[in-house]
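Visitor: I would like to learn how to read a model like this one. Please take me through it feature by feature.

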There are 4 protein chains.
Amino acid sequence: MAIMVLQSFRPVLDTIAEEIANLDGRGRPADYIPALAAGDPRHFGMAVADLDGTVYGVGEWQRPFSTQSVTKVYTLALALAHEGEILWEHVGREPSGNPFNSLVQLEYENGIPRNPFINAGALVVTDRLHRLTGDASGALRDFLRAESGNDGLDFDRDVAASETAHGDRNAALAHFMASYDNITTPVPTLLREYFRQCSIEASCADLAVATGFLARHGIRADGTRLLTRSQAKQVNAVMLTCGTYDAAGDFAYRVGLPGKSGVGGAIIAVVPGRCTLCVWSPGLDARGNSVAGVAALDRFTTITGLSVF
Amino acid sequence: MAIMVLQSFRPVLDTIAEEIANLDGRGRPADYIPALAAGDPRHFGMAVADLDGTVYGVGEWQRPFSTQSVTKVYTLALALAHEGEILWEHVGREPSGNPFNSLVQLEYENGIPRNPFINAGALVVTDRLHRLTGDASGALRDFLRAESGNDGLDFDRDVAASETAHGDRNAALAHFMASYDNITTPVPTLLREYFRQCSIEASCADLAVATGFLARHGIRADGTRLLTRSQAKQVNAVMLTCGTYDAAGDFAYRVGLPGKSGVGGAIIAVVPGRCTLCVWSPGLDARGNSVAGVAALDRFTTITGLSVF
Amino acid sequence: MAIMVLQSFRPVLDTIAEEIANLDGRGRPADYIPALAAGDPRHFGMAVADLDGTVYGVGEWQRPFSTQSVTKVYTLALALAHEGEILWEHVGREPSGNPFNSLVQLEYENGIPRNPFINAGALVVTDRLHRLTGDASGALRDFLRAESGNDGLDFDRDVAASETAHGDRNAALAHFMASYDNITTPVPTLLREYFRQCSIEASCADLAVATGFLARHGIRADGTRLLTRSQAKQVNAVMLTCGTYDAAGDFAYRVGLPGKSGVGGAIIAVVPGRCTLCVWSPGLDARGNSVAGVAALDRFTTITGLSVF
Amino acid sequence: MAIMVLQSFRPVLDTIAEEIANLDGRGRPADYIPALAAGDPRHFGMAVADLDGTVYGVGEWQRPFSTQSVTKVYTLALALAHEGEILWEHVGREPSGNPFNSLVQLEYENGIPRNPFINAGALVVTDRLHRLTGDASGALRDFLRAESGNDGLDFDRDVAASETAHGDRNAALAHFMASYDNITTPVPTLLREYFRQCSIEASCADLAVATGFLARHGIRADGTRLLTRSQAKQVNAVMLTCGTYDAAGDFAYRVGLPGKSGVGGAIIAVVPGRCTLCVWSPGLDARGNSVAGVAALDRFTTITGLSVF
């Protein structure tokens, strides 16, 4: 049971970067919008942030990318902070067992999405946050700026416009849930807010640092509390069971950390009480997770022994 | 982030037992076989075992009960120890997103069950272990005797007979997977082995101690290694994402520990590197998990802060 | 094998009307929009039209009602007349085996609806007709006016507006199919056209006469040909297998005629080569078909022996 | 609307045989048991029987083949004759909308199969008939001998044995329905009876003549009544909506007759009040229906105008 006592994450990151450089088969970038299709699977960056915000990085760890579904974690945390348990009357917290856009379970379960990390669930969480704040995407951006310390962090308007132009499936999900009265924001407004969130540009450094509140059991960068200890545990639990589309079981098995991936190629992960990570590489596997990203996190927990299991 | 430093688990267990005594609504016992239907939801026992096998208990912690699906964890560990990665060609490790007996996903996924803890998956794991050992149920019993130190631990032949008499649904699953060549043991033999495993009688003390190898990262009670550190992590991960039927997300959210429940009312849970637990109370919720058992584990992780998140 | 040789349908209609007057349990009107919820299950009308357009009626056979899904038959016939076999690349002709709004099969079958009579299929047929004519709802209205000889036949703008206000589920279906490129008309335009069609007001007399082309193997009221003999057979076949939501098997079993129902309480039916029928009563059964309407058609085929079987 | 007045079916059959001889792409024989896999798609036979039992044939119309699922029609008729409406409490009469072996709908619908012609439904009908007669397969054989006038008609024991050896999926279906108490015969007995029925060998001539009672509205070859007029209509209706697996809509659309196919390559069809047909050719399409068989029936109804629509 020898676990490395780390003075610094730098040597581990260097080792991982070397191994990833030799990784064959890096998957393919998402192709449903041009901005993502242009992604190059050879890109790779990784950052680890200590509880105090000290950040270590390797590769392109300071290069901004499209965060996409990774932001669903922060939107969930904000909505939970605003309305607490009521949120769970509108969205479940069970793994979906189906591909991430599936309408099937939504129909069987009367418009209540299985969890906040499938698209349908994230639309519901955005709807809740927008009701509570009047500006869901603005609230998210402001939060990420504050937590990352990067005041320049912002939406990519071209990406948001491109998502909107290819947004029929999310429009279908939103209208479908509206037919069950589980969406109250007008659908076009909701989609605008949702796609703006997905379009946020940030780097591995930004996200590793901004995720710190989940390793600190709910405490924000400025020392104030966003979530109760129990709520922080809950967000981590939902990430572990639902954070990587229909590969959550495999991710838990290989990596063993709460994590959330996005089709831009980023994955964030949390070692509760210890540190937070963000890795990025645009090549995805068949289930929508970054190939090099999962491999890097797998190596990280294997080398350091820092899995939750 | 104050986490209790515990000299002993006794005070915590006493507190929990008091709270559980006042718990309203304890669910209903499983009713598909007479032996289980006779269970009384007022029963309650709980045990915690330290890494060295020291065991603390409260309530009816030494009273034997029908272990049922809890044994699926040990069968999985034994099969994994015997054949390693090959096992995963025959069974997946993703949450099912459906009730535990579902044939639906099995059909969509060509006879490969989603994970080892739904009935279909446990039948496959039993098939593998029986091929490898020629005596799956015997191998399981011997393992549990050795790990628990209880040489009297055994099958309950009446329960096994009763399960067989009500075994049409498991027979359907086995024949269905055989039609995909994912079961090779003759179906009647396989069902006999499977139901014998389910029928094992053990106490909270027995199971808390016997589960220790998962907290010790793969090391058995006698100091030998059953699983690699990586395999032990994998079993814990599968427990967390798939161990409590279609309530795995909720269990992770509330309890935050790898756990496995059975319709006899038992739940085992693991705090990796720290301790193992077993709680028992026969009243089940709508998803098949012990009501008092989940509540007790929820209290345990809340009081001690010993969640993996 | 004595089949009645009928000089006139009047005695049969009188007998049926008497029996229906004594029918207990007439179902409940559709309640998803106020205009339909106000329907009174005690209303009943029935009309039979000979091949030459002679029409016999009983009860409120000249009272206009909301035609709703009954119009899907005429829209299909018009689209088929315009583009022939190409239509079937965009919509199937198999029974759905699921409730009429189901998204499930649509997802499994990549955006191609099972048949033209489920909502998804009717949206596709409307999309095709709108592409071909630039005015799908106008083409339908003009056709029904010409075939029924009733120049006053028109949309009910209040009903159309009410459908639009409750149109989230159809919007979901349309966006979903648009995501598979199986809808090309902008969704708001398509929904306007679709709901206008549903809103058409007509009487049993109007519809019995207007359906004559299907009994005349494709020949319109003015003697010109709308459909080939083969196409007319095809429309009748699709009505028989798919015309009464997920009760098509039961309708074929009880009535044994090609038929199409609507949630306004109307059902049209065809005796190929012999006559056409329309019956109306607003009380629906659990599957969306008029209770008195099905009973009346059941009696008609039993008394006259005029089933296709 | 010129419909041929036929003195004899011989010229039509000759025309069809010529066209079929030139048919490219005849599909592939069923391959799940060796006896069927040996079938040669170049075989072709067709027979038409008048109401009085006069039979016309072409090609290999007197050559025996494995009847397979075609016999489900006769078993249904016998069970319906024995117990009437009660039968429909155990099996539905709606199209399945899914492949013919599907367990999915069976699970959603609590062990009640959708219709008597999917395997699950035929197992239920066999169970009913066996309860009522004590010898389901014997009753079927005797009935077919009497109706066809062929006393040598019998089971093929090799085929029955081969079906049994590959019977895991049907065993799964039977056990699954038994778990819902919708099967009461012991599963091994039921499967024996079921597979014996499937194994019956008969020719196009035998089956065309034996099906006559469905064209005669329930009257057997000896002039006695098997089914009421209403029941005969019902069997024809179920054939039309459910008789050709998940291609029932397409079969109705192309052929427009009640029909039932089997994986041995046979299809029977009924022109109520006029004649019955049997066609055979072992090459199947992707949905399990004889390619040349469907083509021949399509031509028959097109040439003669004898569709029910």
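Visitor: Which rotation and shift superpose chain D on chain C?

Guide: Two copies of a chain are related by a rotation about an axis and a shift along it. Here a rotation of 180 degrees with 0.0 Å of shift along its axis puts chain D on chain C, at an RMSD of 0.0 Å. The same surface serves both: 100% of the contact residues of chain D recur in chain C. Contact means heavy atoms within 4.5 Å.

Visitor: What conventions apply?

Guide: This is a predicted model: local features need pLDDT of at least 70, side-chain atom pairs count only at pLDDT 80 or more, and totals for chains, interfaces and linings use all residues. Residues are numbered from 1 along each chain as its sequence is written, chains are lettered from A and ligands numbered from 1 in the order written, and side-chain values use heavy atoms, without hydrogens and water.

Visitor: How many residues are in the largest nonpolar core?

Guide: In soluble globular proteins, nonpolar side chains tend to be buried together. A nonpolar core is a set of buried Ala, Val, Leu, Ile, Met, Phe, Trp, Tyr and Cys residues joined through side-chain atoms within 4.5 Å. Buried means under 20% relative accessible area, exposed over 50%, partly exposed in between (1.4 Å probe, protein chains only). The largest core has 137 residues. A:Tyr74, A:Leu227 and C:Tyr74 have the most contacts inside it. Beyond four places in sequence, the contacts of A:Leu227 include A:Ala77, A:Phe213, A:His217 and A:Val235. Another core, of 134 residues, lies apart from the largest one; D:Trp280 and B:Val270 are among its members.

Visitor: Is D:Arg28 buried or exposed?

Guide: D:Arg28 is exposed, with a relative accessible area of 63%. D:Arg28 sits in the loop between helix H1 (10-21) and helix H2 (34-37) of chain D. Helices are DSSP runs (H or I, at least four residues), numbered from the N terminus. Not counting residues up to four places away in sequence, D:Arg28 touches D:Pro282, D:Gly283 and D:Leu284. D:Arg28 and D:Ala286 are 258 residues apart in sequence, yet 8.7 Å apart in space, C-alpha to C-alpha.

Visitor: What is the phi of D:Asp181?

Guide: Phi of D:Asp181 is near 60 degrees, a positive value in a residue other than glycine. D:Asp181 lies in the loop between helix H8 (168-178) and helix H9 (187-198) of chain D. At 65% relative accessibility, D:Asp181 counts as exposed.

Note on methods: Least-squares fit on C-alpha atoms with pLDDT ≥ 70 in both. Helix = DSSP H or I, 4+ residues; strand = E, 2+ residues; numbered from the N terminus.
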